[in-house]
Amino acid sequence: MTRTDTRSSSVVGERDLAAELDRLHALEDVRALKHRYLRCLDTKQWGEFEDCFVPAATGDYNGLVFEDRSALVDYMRTHMGPGLISLHQAHHPEVVVDGDHATGRWYLQDKVIVAEHGFMLEGAAIYDDRYVRTPEGWRIEHTGYRRTYEATYRLADLPGMRVRGPGEHTHV
């Protein structure tokens with residue numbers, strides 16, 4: 001191998017390493033974005049929640065469809081308000097990065113409690129998301145899930161069940 005061949009091989013190796021590092025950083029950024037989306041949903045941080053999406057983002061939550069970010073965020077702000085306690089956890093990420101685009105599949109476990117109406121829902125679903133890298137960082141281009149199951153309960157049917165929300169004393 002000539003000296004030129006060695007340099008070419010070295011340059012190619014450095015490019016491959018740089019591309020792999022970029023892909024790994026993108027994977028972490030997409031994972032962090034999904035977790036931020038869930039945290040902001042549960043803590044009702046609507047400005048930060050909105051920042052998770054590009055303006056033209058779409059959503060399809062088991063048939064509840066949104067054509068843009070504004071409609072999606074407005075719906076969540078209205079229907080996931082202060083009287084509602086929620087827990088959304090996404091597990092088992094399957095994220096594929098291709099340049100400035102990525103896809104993600106996540107297993108969701110969720111619980112929603114509306115104490116005022118004596119109602120609780122719990123379930124699971126598979127999220128299928130699309131992401132895009134923007135000058136501001138990774139953003140959600142499309143999000144949505146299909147349920148694997150959903151169970152609803154009347155809180156009155158759960159003897160001894162007490163529900164406390166944010167800011168309430170939770171230690172007995």
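A: Start with Ala 26. Setting aside neighbours within four places in sequence, Ala 26 is in contact with Val 97, Arg 133 and Trp 138. This is a predicted model, and that applies to everything below. Ala 26 is found in helix H1. Is Ala 26 buried or exposed? Its relative accessibility is 1%, so Ala 26 counts as buried; the cut-off for buried is under 20%.

Next, the core. The largest nonpolar core has 37 residues, and within it Tyr 37 and Phe 49 touch the most other members. Two or more residues come from each of H1, helix H2 (46–50), strand S1 (53–61), H3, S3, S4, S5 and S6. H1, the helix that holds Ala 26, gives the most to this core, with eight residues. Look at Tyr 37 itself. Not counting residues up to four places away in sequence, Tyr 37 touches Phe 49, Cys 52, Phe 53, Tyr 61, Tyr 127, Ile 140 and Thr 143.

Now the strands. Strand S3 (residues 85–98) pairs with S4 in the antiparallel sense, over twelve bridges. Across that pairing, His 91 has Tyr 107 of S4 as its bridge partner. The hairpin of S3 and S4 has two residues between the strands, and Gly 99 there takes a positive phi near 65°. S4 also pairs with S5, again antiparallel, over 14 bridges. Here Trp 106 has Tyr 127 of S5 as its bridge partner. Tyr 127 is also one of the residues that Tyr 37 touches. The S4 and S5 hairpin has four residues between its strands, and Gly 118 in the turn has a positive phi of about 60°.

Last, the open space. The largest pocket holds about 410 Å³. Which residues lie nearest its centre? They are Tyr 75, Met 80, His 88, Val 112 and Tyr 145, from a lining of 20 residues. Helix H1 (3–43), helix H3 (69–79), strand S4 (101–114), strand S5 (119–134) and strand S6 (137–154) each give two or more residues to that lining. By type, the lining divides into 14 nonpolar, three polar and three charged residues.

How values were computed: Residues numbered from 1 in each chain as written. Predicted model: local features only at pLDDT ≥ 70, side-chain atom pairs only at ≥ 80, totals over all residues. Heavy atoms only, no water. 1 Å grid on protein atoms, 1.4 Å probe; cavity = no way out; pocket = protein on both sides within 12 Å on 5 of 7 lines; lining within 4 Å. Points joined across faces, edges and corners; volume = space filled by probe spheres on them. Nonpolar A, V, L, I, M, F, W, Y, C, P; charged D, E, K, R; others polar. Pairing = 2+ DSSP bridges. Core = buried A, V, L, I, M, F, W, Y, C linked by side-chain atoms within 4.5 Å. Buried < 20%, exposed > 50% of the residue type's maximum accessible area, 1.4 Å probe, protein only. Contact = heavy atoms within 4.5 Å.
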